[in-house]
Number of protein chains: 4
Amino acid sequence: MNVVRVGFIELWVRDLERSLAFYQGLLGFRLERREGGVAYLRGYEELEWSLKLKEAPFPAVRALGFKVASEEDLSALKAFAEERGLPHALESDWGRPRILRLQDPFGYPLAFYFQAEKLPRVLQRYHEHRGPGILRIDHLNVFSPEVAEAVRFYREALAFRLTEYTEDEEGRLWAAWLHRKGNVHDLAFTNGEGPRLHHFAYWLPDALSILRAADILAGAMETDRIERGPGRHGISNAMFLYLKDPDGHRIELYTSDYLTVDPDHPPLRWSLNDPRRQTLWGHRTPKSWFLEGSPFLDLEDRPLPTRASSLEGMPQHVI
Amino acid sequence: MNVVRVGFIELWVRDLERSLAFYQGLLGFRLERREGGVAYLRGYEELEWSLKLKEAPFPAVRALGFKVASEEDLSALKAFAEERGLPHALESDWGRPRILRLQDPFGYPLAFYFQAEKLPRVLQRYHEHRGPGILRIDHLNVFSPEVAEAVRFYREALAFRLTEYTEDEEGRLWAAWLHRKGNVHDLAFTNGEGPRLHHFAYWLPDALSILRAADILAGAMETDRIERGPGRHGISNAMFLYLKDPDGHRIELYTSDYLTVDPDHPPLRWSLNDPRRQTLWGHRTPKSWFLEGSPFLDLEDRPLPTRASSLEGMPQHVI
Amino acid sequence: MNVVRVGFIELWVRDLERSLAFYQGLLGFRLERREGGVAYLRGYEELEWSLKLKEAPFPAVRALGFKVASEEDLSALKAFAEERGLPHALESDWGRPRILRLQDPFGYPLAFYFQAEKLPRVLQRYHEHRGPGILRIDHLNVFSPEVAEAVRFYREALAFRLTEYTEDEEGRLWAAWLHRKGNVHDLAFTNGEGPRLHHFAYWLPDALSILRAADILAGAMETDRIERGPGRHGISNAMFLYLKDPDGHRIELYTSDYLTVDPDHPPLRWSLNDPRRQTLWGHRTPKSWFLEGSPFLDLEDRPLPTRASSLEGMPQHVI
Amino acid sequence: MNVVRVGFIELWVRDLERSLAFYQGLLGFRLERREGGVAYLRGYEELEWSLKLKEAPFPAVRALGFKVASEEDLSALKAFAEERGLPHALESDWGRPRILRLQDPFGYPLAFYFQAEKLPRVLQRYHEHRGPGILRIDHLNVFSPEVAEAVRFYREALAFRLTEYTEDEEGRLWAAWLHRKGNVHDLAFTNGEGPRLHHFAYWLPDALSILRAADILAGAMETDRIERGPGRHGISNAMFLYLKDPDGHRIELYTSDYLTVDPDHPPLRWSLNDPRRQTLWGHRTPKSWFLEGSPFLDLEDRPLPTRASSLEGMPQHVI
């Protein structure tokens, strides 16, 4: 069950036109296909679509997509789901004949796929690039009321590898960053009411691109979409900018973390109240960042109930 | 009385060693001379020193230095001071035989000079550059309880030119940016208890250098020195980072504003409560930024009394 | 006769559509007006148009435009032309009621103006910016068979100020950089067959924008337009990229030189064969760069004859 | 036999002091240990040393180091060497108890290791970073007179994966890029007299860092060390700068290629004479780049003989 990397996210949005004005018009995502109320987009480096938007009555996250290494891995995942009694279903989508939807033991609506039709390479068609230069999907971050259990499951059952984590003084796990593809994360867990999506993130070429994204939003009089940043994370060392899309889904623009492919790469521990943890420069994090998230759908496209976390409160370094 | 540009600032600091650890050690200013409790520093583009630090019992600002176009301009300024009854005195300093100190009608301790010994050119000695790459002094910003009057004086008597200004709904002037050298400002006035220094600013090569300054401070565990930013100003369009030095003097790292040499360049009006005014990206400004400043000395090196402003309150967009 | 800065250039191009595909489509210049075979463009920082393209039977440069400080300066220039017997004529153009065309003693077709209708400010409309981010016209560079004489005239008659110059071992002047606006140049003279235009230059925000311009041209399969660079000049310390437009007119994208407003700013001497002079990194310059230029028109729009230079040869550091 | 990534290179240099002036003094490599004529260095992101310099009578490359996933992989490699009759030997080095030296069938002196003492994390100690900001070793590139055979071996025996390759019109392979860690390459083969090292490469944070490296060398009057670039590769899309160290070893500073972890990632074919292949911007490549390389040592530290390639000539796009 070899998971290669995060592959896509599927969002429900209330007004597709408005969402495209944001993702395509301002952020410069490349729209590859639109039919009816559905749109498929990608970054300039990607050969597969990675963002699916579907017009729907309310905002939600329908699938957290992961690319696996082969069709055999898909079959192994199906067997695993059956063995564990996890809800699952096969479906197909544009250019992807076989997608295994699977709800993990905590409720997260995963979607695994291997086969994907390749789109034409546009990385070096620089004259067509627009916006700050979105390159590729980098990671997903989810709220969890049971971070420690979720991390254990993803490490043991799906062989995700831990790179960084946040603990409080009593050794309780508040957040963890797990990867498969060799950088800081494909998937992160953040303590809080869940399961909910905290954010999804795209890779940009460099720090200046991150600043340009903020400039573009300001130019369009859309500063309300900027929730946090630009800044440099202590965790991951990446440059970041967090935006809220027109439905409140949070997207992070992200760049310049580090290589983690070594099997003996030592996980990095952060103390919950370290002021450099969230933003290396000591910036405080807005409370909304710890509280707001997007609801998930279950495999029958119904809103997934959430549970509160027993770890209450939030880090000291907030505003 | 042709003022060419802002030329230097002279600061009193309580512990020169500690100040040099900040300015030279972290920010990479080039130390050109140190003797006793006095140090002279410059940026990598400058041919004249621009920052003088003097160890003293309390933090203060002794002089706001401006370069004039000739010795004749100095003499004209002296005549002007005599005519207006403004306190003034001649002194000399390292490499500068004739400096005219002059207290303007509001109390600001100005210092004018023309002749200055040129230091060797180090702009292209890139292997010797350290820190984020401080290039040159760019401007001074002072608190004033009477912004409108001060602006009128500097425009009329000293031919400063207005580039941007902030007004409230009732047409009262809260801040103004004035230049001589052809970019947004050499001198700005900010409403508040004064006369006090709000900040002095140095030009950096580009936005990435500004980010690097923040990284360097974070690396050195000095995030407490970061008061505001990095960000992009609405006013001036410049990228900025505000730091507090070990004595609480505020220094701005600044880059990428615009050319203002046209005599018919139209001043830009900002509304006091425009959320994009302070930071184009909509960031709120910390209250300290509107409240804290450095005291000035009078021409006999005694602390200059301050007065409150009749324009009370602060912009809405603060934290 | 107070010249403020370089203001515009007027080019004859053979195919306006093709030229707009280059300037507007690839470089992102903002097209402000197009009527018949004429187009007016500007950079994102400018409040006045700075590039005029006119469809014509052959490529040429009709005017080197300079902004002066007032209508009185225009009148003084007119009187100067009459006194010296220099060909001159008044004309008007879009938003510019009074332009004084004037052929200097060497034949260069200058055009002076003060009054110019201001265009809306778009500097912070970042969501509308395209291409690498052209900001403003920075300078003009012309071939001259008599650099020393031309430099003397511009310094003495028009008060241009020298910032850098190139000499050979025998003290002969091969090139010189002269400014009015306070950076390295508004106008430069390069030894060679002339009068011809060597290039005109626009300011970009930073070095990364220069690289992005090269990427955009490569993306569009237009690498043949890249003549030289990206690189950093020894002279001026600026980052640069030289392009040839579809008619062979050379445009430089330029950023990050230095401030030169001090009246006692010392000119910098370069030795003709210093390998760091043209490109600080030691790159050789293509021969075309020393040989190719655009013809000028005289005041009756006829091609201006050229003369060879008595300084023959070219620097050693070419390919 | 799971190779994780390129891990280190071991160079023989004639004057260690002079080499450290280059690698540590100008490029800012972090010197971790020096004893006698041996020095160990790393980039700021690395937790293991990656560059070993040893003073020796002549310049050579002693080892191309690769990290494997476990001690078991080392044992499997040893068994493989025995089975194939490949010269091999175990040795230890600073903090690395078990290194398997192994000469592949073509003569390349490989060195595999798993266990490595971790050095303290300095990535976020930004105040200590010097030079352009070397982060981590990225890849090795070797000359081979039999590129097709070498590529087949590395793909089949060691499971390297092909990302890009250069073919001529007759379908002959001139160069290939192979990876294990998930970006464009850990190891590349270039047609030419071999086995020799073409270059080794380090990752930098962004394109501006690459430019800064060129500035630093120019500042130090070491432009002769710059062989090619800065530029953007067509192949790999990376920004690059090629330098020659004081012994003629070629080091590339490299950044911003792309993610290649998908098992179905399609290799990209380049035509040998495509002008955008070597440098996307169309720059010609100096002949030295196709001709000069560093000799290898065999397992007994004797110079390895080289063979000419039957593919003669070089791409058209050279100078």
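B:Arg62, at 10% relative accessibility, counts as buried. The two residues form a salt bridge in which the closest N and O atoms are 3.0 Å apart. B:Asp301 is in the segment after β18 (294–295) of chain B and B:Arg62 in strand β5 (residues 60–68) of chain B, so this pair links distant parts of the chain, 239 residues apart. A salt bridge here is a side-chain nitrogen of Lys or Arg within 4 Å of a carboxyl oxygen of Asp or Glu. Helices (H or I, at least four residues) and strands (E, at least two) are DSSP runs, numbered from the N terminus.

The model is predicted: local features need pLDDT of at least 70, side-chain atom pairs count only at pLDDT 80 or more, and totals for chains, interfaces and linings use all residues. Residues are numbered from 1 along each chain as its sequence is written, chains are lettered from A and ligands numbered from 1 in the order in which they are written, and side-chain values use heavy atoms, with hydrogens and water left out.

## Other salt bridges

Over all chains, a search of the whole structure finds 140 salt bridges. One of them joins the side chains of B:Glu128 and B:Arg30 at 3.1 Å, N to O. This pair also links distant parts of the chain, 98 residues apart: B:Glu128 is in the loop between β8 (109–113) and β9 (136–144) of chain B, and B:Arg30 is in strand β2 (residues 30–35) of chain B. B:Glu128 counts as partly exposed at 28% relative accessibility, and B:Arg30 counts as partly exposed at 24%.

In chain C, the side chains of C:Lys52 and C:Asp93 meet in a salt bridge of 2.6 Å, N to O. C:Lys52 lies in strand β4 (residues 51–55) and C:Asp93 in strand β6 (residues 88–93) of chain C, so the pair ties together parts that are 41 residues apart in sequence. Both C:Lys52 and C:Asp93 are buried. In chain A, salt bridges that share partners form one network of A:Glu10, A:Lys52, A:Arg62, A:Glu91, A:Asp93, A:Arg101 and A:Asp301.

## A buried glutamate without a salt bridge

A:Glu46 is in the loop between β3 (38–42) and β4 (51–55) of chain A. This residue is buried yet has no salt bridge, and the nearest side chain of opposite charge, A:Arg5, is 5.1 Å away.

The side chain of A:Glu46 reaches the backbone nitrogen of A:Gly43 at 2.7 Å, and one of its polar atoms lies 2.9 Å from the backbone nitrogen of A:Ile137. Leaving aside neighbours within four places in sequence, A:Glu46 is in contact (heavy atoms within 4.5 Å) with A:Leu135, A:Arg136, A:Ile137 and A:Tyr202.

## Interface of chains A and D

The contact takes 35 residues from chain A and 35 residues from chain D. The buried area is about 2,800 Å², of which carbon and sulfur atoms give 56%; it is the accessible area (1.4 Å probe) that two parts lose on being put together, summed over both. A:Gln124, A:Leu259 and A:Asp264 supply 20% of the area that chain A buries against chain D, more than any other three residues.

Between chain A and chain D the count is six salt bridges, including one between A:Asp264 and D:Lys118 at 3.3 Å, N to O. There are also 16 residue pairs in polar contact, both at pLDDT 80 or more. A polar contact is a pair of N or O atoms within 3.5 Å; within protein, one must be able to donate a hydrogen and the other to accept it, and residues adjacent in sequence count only if both atoms are side-chain atoms.

## Interface of chains A and B

Here 19 residues of chain A are in contact with 19 residues of chain B. The area buried between chain A and chain B is about 1,600 Å², with carbon and sulfur atoms giving 65%. The rule finds two salt bridges across this interface; the side chains of A:Asp215 and B:Arg232 meet in a salt bridge at 2.7 Å, N to O. The elements that give two or more residues to the side of chain A that touches chain B are α4 (207–219) and β14 (226–232) of chain A. The largest share of that side, seven residues, comes from α4(A).

Methods: Buried means under 20% relative accessible area, exposed over 50%, partly exposed in between (1.4 Å probe, protein chains only). Lys and Arg count as positive and Asp and Glu as negative; His and the chain ends are not counted.
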